[in-house]
Amino acid sequence: MTFGLALGIYIIFLAIYWFFVYSILWHLREYILPMDYSKWVIRGFLAAVIILNVFSLVLFIRLPFQT
Amino acid sequence: MITLYPNEKILMVVHKHWIAFFSKIVVVAILLIAPITFAGFLFETGAVSASAIVYAQFLAITYLMVVMLIAFLFWMDHYLDIWIITNERVIDVEQHGLFRRETSEFGIDKIQDITVEVPHMVATFLKYGNLRIQTAGERSFSIKEVPHIYEVKKVIMDQVTKRENVGPQQMGAN
């Protein structure tokens with residue numbers, strides 16, 4: 001697979017992924033009740049997702065593509 | 001967004017018991033464990049090139065991202081399935097997946113009967129059950145797998161009794 005094609009697929013994947021993340025966060029922001037544990041779950045999830053995304057990006061750049 | 005009336009106070013917020021979430025935790029655990037087992041088997045069978053390891057790492061991280069999203073979606077579904085009991089009404093919010101949501105409510109003064117059901121042995125030990133509320137309308141509302149079910153019933157019944165004794169006008173003013 002060429003780098004261009006892989007990059008295209010990867011960008012589409014990330015766009016769909018962050019659309020879902022944003023949708024979940026929108027729901028929670030809209031309906032969350034104050035003073036409960038949920039904000040810590042949300043923060044934990046967001047931190048994990050951002051870290052995994054950075055790792056994923058780094059590994060994507062390191063992938064050996066055909067030239 | 002749930003908007004409260006003036007003088008309305010939230011008395012209790014009821015989420016489903018964690019047992020309702022348990023099957024979803026099992027699904028996420030299987031999704032996490034299965035590829036680890038598969039990868040271990042794959043790497044044991046033969047020599048793997050350096051480029052294959054980078055590909056495998058990339059796929060593993062991407063897969064983990066997807067599993068994290070699924071887990072969070074499950075949690076959101078569980079968290080947003082709630083009953084909000086106030087001194088004026090009971091609000092029943094049901095989240096179905098990511099984009100479908102049902103919100104219904106009924107006034108405390110419309111409540112005619114509350115039925116508590118503890119369906120089986122596990123429910124007895126873990127202290128949860130199903131609650132069905134019959135209202136003056138034809139519809140009945142039910143919530144399944146409620147923790148501290150008798151406490152929930154008591155909170156609602158206290159409000160019903162107060163309303164019957166004091167009357168709706170005075171209740172709103174308090």
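Visitor: What do β3(B) and β4(B) form together?
Guide: A hairpin, with three residues between the two strands. In that turn, B:Gly97 has a positive phi of about 70°. This is a predicted model, where local features need pLDDT of at least 70, side-chain atom pairs count only at pLDDT 80 or more, and totals for chains, interfaces and linings use all residues. Residues are numbered from 1 along each chain as its sequence is written, while chains are lettered from A and ligands numbered from 1 in the order in which they are written.

Visitor: How many bridges join β3 and β4 of chain B?
Guide: Eight, linking β3 (residues 89-96) to β4 (residues 100-107) in an antiparallel arrangement. B:Val93, for one, has B:Thr103 in β4(B) as its bridge partner. Strands here are DSSP runs of E with at least two residues, helices are H or I runs of at least four, and both are numbered from the N terminus. Two strands pair if DSSP finds at least two bridges between them.

Visitor: What's the strand order in the sheet?
Guide: β1-β2-β3-β4 of chain B, an open sheet of four strands with antiparallel pairing. β1 (10-15) and β4 of chain B are at the edges with a single partner strand each, so one side of each has no neighbour in the sheet.

Visitor: How many bridges do β1(B) and β2(B) pair over?
Guide: Five, again in the antiparallel sense.

Visitor: Switching topic, how many residues of chain B are in contact with chain A?
Guide: 20 residues of chain B, meeting 24 residues of chain A; contact means C-beta atoms, placed from the backbone, within 7 Å. Helix α2 (residues 50-79) of chain B brings the largest share of chain B's side, 16 residues.

Visitor: And which elements does chain B have overall?
Guide: Five helices and seven strands. From the N terminus they go β-α-α-β-β-β-β-α-β-β-α-α.

Visitor: Which element of chain B has the lowest mean pLDDT?
Guide: Helix α5 (residues 168-173) of chain B, at 53, whereas strand β2 (residues 82-86) of chain B has the highest, 87. pLDDT is the predictor's confidence in each residue, from 0 to 100. Where it is low, the predicted coordinates should not be read in detail.

Visitor: What's the mean for chain B?
Guide: The mean pLDDT of chain B is 81, with 89% of its residues at 70 or more. For the complex, the predictor gives an ipTM of 0.86 and a pTM of 0.78.

Conventions. Two residues are in contact if their C-beta atoms, placed from the backbone, lie within 7 Å.
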